[in-house]
Amino acid sequence: MIVTAPSPRTLGHRLALPAATAGVTALVVVSLFVGVYDIAGEGFGTEMFFISRVPRTLALVLAGCAMAVSGLIMQLLTQNRFVEPSTTGTSEWAALGLLVTVLLAPTAPLIVRMVVASVAAFVGTMIFIGILRRISLRSSLVVPLIGIMLGAVVSAFTTYLAVSTNSLQMLGTWFMGSFTSIVRGRYEVLWVVAIVVVLVFLSADRITVAGLGRDIATTVGVDHTRVMLIGAGLVAVATGVTTVVVGFLPFLGLVVPNLVSMWRGDNARANLPWVCLGGVAIVVVCDIVGRVIRMPFEVPVSMILGVVGSAVFITLLLRMRARA
Amino acid sequence: MSTRLIRPLAAASLAAALALTGCASGAAAPAEQAAATTVTVEDNHGSIEVPVNPERVVALDNTTFETLSEWGVTLVAAPKPLMYDLWPSLSGGDEVLDAGLHREPNIENILAADPDLIVGGYRFREIYDQLKDIQPATIETSPRDGEEHTSELKRQTAILGQVFDKNDEATKLSADLDAAIADAKAAYDPSQTVMGLITSGGKISYAAPGEGRGVGHLFPTLGLTPALDRAAEDASHGDDISVEAIAAANPEWLFVLDRDAMFGEDGYVSAKDLIENAEALKNVPAVQKNQIVYLDGSFYLDEGIQAYTKLYRSAAEAFAS
């Protein structure tokens with residue numbers, strides 16, 4: 001299963017990425033043709049294709065990519081395999097930011113909501129990283145536990161705020177990661193995360209080095225603090241935007257980078273395309289399952305991700321323990 | 001103070017209060033019985049004897065509020081957060097204690113209100129036993145699941161009529177409901193398909209015929225032809241459905257419950273916005289012909305016999321035009 005030393009570049013190696021890309025593209029195409037409306041039908045079918053299917057599939061690709069990559073960055077920055085936006089409290093902070101904007105400035109445009117959610121996510125991520133620095137860690141499991149606890153405190157506050165303003169009902173619908181309501185005009189802001197992913201590609205090496213610690217980073221000439229800030233910022237934007245548009249996508253950032261590094265080893269830069277592809281593949285598959293399982297109704301993608309993700313998470317834990 | 005201390009204190013005070021009420025009724029029983037009469041009604045749990053026209057009433061069931069308000073009943077405690085500003089005559093004033101929301105009922109206030117009668121049920125059905133402990137004259141009259149909804153509404157109204165000595169008024173409310181239903185049935189053309197929707201948080205969900213808050217009850221009551229006939233998994237909040245699926249079902253009529261209308265701050269996305277501005281729905285006959293009936297903004301907090309009468313009336317008007 002684990003491929004070691006990629007030195008003799010075999011044909012298989014060189015073909016792996018294009019083959020995987022082709023596979024994921026095929027999934028994306030399948031996603032375009034899964035749905036209730038008969039798009040082959042006369043007249044309105046084609047229009048429906050562009051109103052509903054294309055935006056939804058694009059949103060899946062963008063959100064899947066963004067959350068998987070966010071997980072990878074968080075794992076590099078904290079040097080911990082169990083960390084991703086939903087186990088560091090980042091998503092919960094984004095949710096709090098969004099709720100506060102809606103309550104204080106109900107008519108604020110989407111862009112304002114996204115900015116506030118991203119800023120809140122950034123603040124939350126920095127708090128998490130700050131706490132990590134102040135405690136001595138015995139076990140790598142403590143890190144996500146702290147994050148989950150932090151997230152629980154924040155979301156408890158969000159829930160309190162929602163209960164006292166009678167918006168609990170809305171809160172539930174907003175943050176349930178679901179692509180059901182994605183149509184033309186309601187996903188476009190997700191393109192922001194495409195920029196984030198590109199930036200991550202450009203700074204992957206520096207993030208990897210910064211993750212090794214301040215001393216090593218400084219030795220090789222990387223401004224540790226700056227890279228930490230940039231990394232956390234990128235994660236915050238990706239999480240904030242995704243949370244506002246589709247809601248929580250739990251475990252995605254955890255499962256994908258871990259599966260990729262189990263299979264290919266830890267080379268962040270080389271793994272990045274795989275993480276992107278993996279994120280897209282999992283989200284698209286989960287969404288297709290969600291669309292088909294109860295046709296013509298849908299099961300939110302977050303529910304399926306939760307089931308798949310927690311299973312993989314437990315498997316990972318058991319494997320780590322076996323190795324230790 | 002820690003909760004460890006509060007609990008026994010609360011329990012002790014509850015026990016003391018119960019003992020007191022017990023003593024009081026024991027001592028004053030003969031005198032009271034001469035003055036106040038009682039009536040035996042059949043509520044959701046069976047036969048129960050309650051005082052007629054009780055003085056101190058706590059009502060928690062929102063399906064009864066409009067009726068009680070119309071009949072001039074005053075309350076000593078009410079779930080104020082659930083009532084909004086809908087029933088000022090029931091919830092207004094500091095002398096009306098706040099019974100809290102069903103998620104966090106304020107049992108102490110209900111106890112402190114010292115009620116002669118508690119109208120429990122619906123959202124508050126889970127605390128029935130606790131209410132019974134506070135006041136044995138606790139009735140639950142809300143429409144039961146699985147029963148024919150219209151007759152449940154009439155049954156509820158009749159029970160309340162007996163308790164509050166408003167039998168004529170109750171008969172009138174039931175007659176109004178029947179009339180509205182008959183009108184709507186007469187105006188409806190069964191060849192036209194209907195779909196029920198619930199909107200919340202900017203998303204549209206499907207309300208299954210026969211289930212799902214208000215919208216669903218229209219189908220069996222009026223004999224509507226569903227555009228999409230599927231059982232519900234989530235009857236009270238609706239099932240996740242895409243605009244595509246709504247478009248594919250191609251309904252002639254839409255009945256829409258806007259859950260957020262009541263709480264909606266200025267910026268909330270209204271059902272009208274969601275449905276009439278959806279590109280994917282522009283070819284659906286209901287949208288094209290503007291055959292969409294929106295339920296009253298307060299419906300979701302009301303759901304009583306008057307709310308349904310109003311709903312069936314608006315259905316009748318819409319079908320007739």
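Q: Why is A:D205 called partly exposed?
A: In this predicted model, A:D205 has 40% relative accessibility. Buried means under 20% relative accessible area and exposed means over 50%, with partly exposed in between (1.4 Å probe, protein chains only). The value for A:D205 therefore counts as partly exposed.

Q: What makes A:R269 and A:D205 a salt bridge?
A: A salt bridge is a side-chain nitrogen of Lys or Arg within 4 Å of a carboxyl oxygen of Asp or Glu. The N to O distance between the side chains of A:R269 and A:D205 is 3.1 Å, so the pair meets the rule. A:R269 lies in helix α11 (residues 268-292) of chain A and A:D205 in helix α7 (residues 191-211) of chain A, 64 residues apart, and the pair links distant parts of the chain. Helices here are DSSP runs (H or I, at least four residues), as are strands (E, at least two), numbered from the N terminus. A:R269, at 42% relative accessibility, counts as partly exposed.

Q: What are the conventions behind these values?
A: Residues are numbered from 1 along each chain as its sequence is written, and chains are lettered from A and ligands numbered from 1 in the order in which they are written. Local features need pLDDT of at least 70 and side-chain atom pairs count only at pLDDT 80 or more, while totals for chains, interfaces and linings use all residues; side-chain values use heavy atoms, with hydrogens and water left out.

Q: What other salt bridges are found across the interface of chain B and chain A?
A: The rule finds 4 salt bridges there, and one pair is B:D239 with A:R294, at 3.5 Å from N to O. Over all chains the structure holds 16 salt bridges. A:R56, A:D287, A:R291 and A:E298 are linked in a network of salt bridges.

Q: What makes up the contact between chain B and chain A?
A: With contact meaning heavy atoms within 4.5 Å, 35 residues of chain B and 32 residues of chain A take part. The two chains bury about 2900 Å², 54% of it on carbon and sulfur atoms; buried area is the accessible area (1.4 Å probe) that two parts lose on being put together, summed over both. In chain B, the residues B:K203, B:D240 and B:E244 lose the most area to chain A, together 24% of what that side buries.

Q: Why does the size of chain A agree with a compact globule?
A: The globule rule is 2.2 Å times the number of residues to the power 0.38, and the radius of gyration is taken over C-alpha atoms. For 324 residues a compact globule would have a radius near 20 Å, and chain A has 20 Å, which agrees. Chain A has 12 helices and 0 strands, and buried residues make up 53% of its 324 residues.
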